[in-house]
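Please look at the model first and then read on.

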Amino acid sequence: MSFQLSFPSNALFVGHKNPDTDCTCSAIAAANLWGGTPIIQGELNPETTFVLEQFGVKAPAFEDNFAGKDVVVVDHNQTTQSAASMTEANILSIIDHHAVQDNFFFQKGPIHIDMRTVASCCTIIADYYEEMNVEITKEMAGVMLGGILSDTLALTVPHTTEIDKEIAAKLAKIAGIEDVADFGQQMLIAKSDLSKYTAAEILNLDYKDFIFGDIKIGFGVCESLLIDKVKAKHDEITAAMINNKKDGYSALFFAYVDLTTNNSVVIGADDADFKVLEQAFGISKSDLGVALEGKISRKNDFIPPVSAYYNK
Ligand SMILES: [Mn+2]
């Protein structure tokens, strides 16, 4: 007899706040596999909407009250990235691919935890279909492919693993996507259309809180093929950051990620925040902020130096 992962049918499969394509599609595909309800903790971004529409899959329901509910957490493991009520949830499992640091979802009893060093949570979920011998439908293949392509920027980021690539190729075949690079490009174009968003909304679209000891910071990221259009809102974005920083933050950061060059410019809300960035990255501010060549990932490129700065 071998261990077989299963969950009660009332389980909620929940991605992080400010949902992105990977967490949303992980929740959908996991709920489909094990039975249960996929949940998002915020509005879908234009890229995720594009992926779901492509494959005719409906968006998960919104929920932010998890007190006393059976929950499977996907694509995050920190209390700072969920509604406060998640600390009162009955977490059954955490399936994720992020670093385990402070503010982990500690539970009273033992729970199932599956953390893998892959580039997308959807890679892990797809692997469960295979392991459990469950056939992947065209719709589920499409959404999981979307999650993988989103987190890997169409399999181009350096931390993309061979497993991510292998699973993406299998999913693409089932989903009927012949040209994966072209589909990835269409996702990036969808993601880059930020015309309907205000500066404050752009700041929050892909935004996460981090706590280092008693220091709370916020870190927003905007990845775009049209990053100059976002930079044109620099003054408004800065104003929104200064405003948000009042909410108990030691520092607030935001990265303009240029998907045409894979370079980023990281900014702070004020001079004190810029000082942190200059020391964390060892680079002086020029023009808008600290310019980082070939660095685009919050998880792999931005947070580790900032975390090291606060934890030293
Ligand atoms: Mn992810």
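Helices α10 and α11 are roughly perpendicular to each other, a word used for angles of 65 to 115 degrees. Their axes, which are lines fitted to C-alpha atoms over the stretch in contact, with angles running from 0 to 180 degrees between N-to-C directions, come within 9 Å and cross at roughly 100°. Helix α10 covers residues 271-281 and α11 residues 298-311, where helices are DSSP runs (H or I, at least four residues) and strands likewise (E, at least two), numbered from the N terminus.

In this contact (heavy atoms within 4.5 Å), Val-276, Gln-279, Ala-280 and Phe-281 of α10 meet residues of α11 that include Phe-302, Pro-305 and Tyr-310.

## Basis of the model

The model is predicted, so local features need pLDDT of at least 70 and side-chain atom pairs count only at pLDDT 80 or more, while totals for chains, interfaces and linings use all residues. Residues are numbered from 1 along each chain as its sequence is written, and side-chain values use heavy atoms, leaving out hydrogens and water.

Since Phe-212 lies in strand β7 (residues 207-212) and Tyr-310 in helix α11, the pair ties together parts that are 98 residues apart in sequence. Both Phe-212 and Tyr-310 are buried, meaning under 20% relative accessible area with a 1.4 Å probe and protein chains only.

Definitions and conventions:
Parallel < 35°, antiparallel > 145°, perpendicular 65-115°, else oblique. Buried < 20%, exposed > 50% of the residue type's maximum accessible area, 1.4 Å probe, protein only.
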